[in-house]
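Biologist: I would like to go through this model feature by feature. Please give the general idea each time, then the case at hand.

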Amino acid sequence: MNTKDKKHFCTCDDVTCPLHPSNHNKGCDLCIAKNLKKGEMPTCFFKVINNDVGEVKEFTIKSFVEFYNKNNQI
C-alpha cells in the first residue's frame with residue numbers, strides 16, 4: 001500500500017485545498033509550513049477548541065489565542 005492509500009487523521013473539511021493530506025503524500029507538513037510562514041494557525045487547531053469556527057475572521061496566532069480564551073472547554 002502506498003502512502004496515498006493510507007487513511008490520514010486530518011480533520012480539515014476542505015478537501016479541495018491542494019495542501020489537504022488527501023491530495024498528496026506529505027501529510028500535514030505542507031499545510032503547517034504554509035500557515036507558519038503566514039503567521040497563521042491551521043483550522044484544525046481551532047477545531048480542537050470548538051468545532052464551530054464560523055465567527056473566526058482570520059486564522060492568525062493572535063486570533064487562536066482569543067478563540068481559545070473564549071472557548072476553552074477542553
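Modeller: We will go from confidence and overall layout to one helix, its aromatic rings and a few single residues.

Modeller: This is a predicted model, in which local features need pLDDT of at least 70 and side-chain atom pairs count only at pLDDT 80 or more, whereas totals for chains, interfaces and linings use all residues. Residues are numbered from 1 along each chain as its sequence is written, and side-chain values use heavy atoms, with hydrogens and water left out.

Biologist: How should I read the confidence, and in which helix is it lowest?

Modeller: pLDDT is the predictor's confidence in each residue, from 0 to 100. Where pLDDT is low, the predicted coordinates should not be read in detail. The protein chain averages 86, and 86% of its residues score at least 70. Confidence is lowest in α2, with a mean of 90, and highest in α3, at 95.

Biologist: How many helices and strands does the protein chain have?

Modeller: Both are DSSP runs numbered from the N terminus: helices are H or I with at least four residues, strands are E with at least two. The protein chain has 3 helices and 0 strands, in the order α-α-α along the sequence.

Biologist: What share of the residues is buried?

Modeller: Buried means under 20% relative accessible area, exposed means over 50%, and partly exposed is in between (1.4 Å probe, protein chains only). Of the 74 residues in the protein chain, 24% are buried. The accessible surface comes to about 5,600 Å², with 56% of it belonging to carbon and sulfur atoms; such areas come from the Shrake-Rupley method with a 1.4 Å probe, and for residues only the protein chains shown count as cover.

Biologist: What do contacts say about the chain as a whole?

Modeller: Contact means heavy atoms within 4.5 Å. Among contacts in the protein chain with a separation of 6 or more, 6% are between residues 24 or more positions apart.

Biologist: Now a single helix. Which residues of α3 are buried?

Modeller: An α-helix has 3.6 residues a turn, so residues three or four places apart point the same way. In α3 the buried residues are S63, F64, F67 and N71. They lie on the same side of α3 because they cover an arc of only 100° around the axis, the arc being that of the directions from the helix axis to the C-beta atoms. K62 and N69, on the other side of α3, are exposed. The buried residues of α3 pack against α2, residues 43–49.

Biologist: How are aromatic pairs read, and how many does the structure hold?

Modeller: Rings of Phe, Tyr and Trp (its six-membered ring) pair if their centres lie within 6.5 Å; planes under 30 degrees apart count as stacked, over 60 as edge-to-face and the rest as tilted. The structure holds 3 aromatic pairs. F46 and F64 make an edge-to-face pair, because their ring centres are 5.2 Å apart and their planes are at 85°. This pair links distant parts of the chain, with F46 in helix α2 and F64 in helix α3, 18 residues apart. Both F46 and F64 are buried. The rings of F46 and F67 have centres 5.4 Å apart and planes at 55°, so this pair is tilted. Since F46 lies in helix α2 and F67 in helix α3, the pair ties together parts 21 residues apart in sequence. F46 has a relative accessible area of 0%, and F67 counts as buried at 10%. One aromatic cluster is formed by F46, F59, F64 and F67.

Biologist: What joins the side chains of N71 and N50?

Modeller: A polar contact is a pair of N or O atoms within 3.5 Å; within protein, one must be able to donate a hydrogen and the other to accept it, and residues adjacent in sequence count only if both atoms are side-chain atoms. The side chains of N71 and N50 are joined by a polar contact of 3.2 Å. N71 is in helix α3, residues 61–71, and is buried at 10% relative accessibility. Not counting residues up to four places away in sequence, N71 touches I49 and N50.

Biologist: Where is T60 placed, and is T60 buried or exposed?

Modeller: T60 is in the loop between α2 and α3 and is buried, with a relative accessible area of 19%. A polar contact of 3.0 Å joins its side chain to that of S63.
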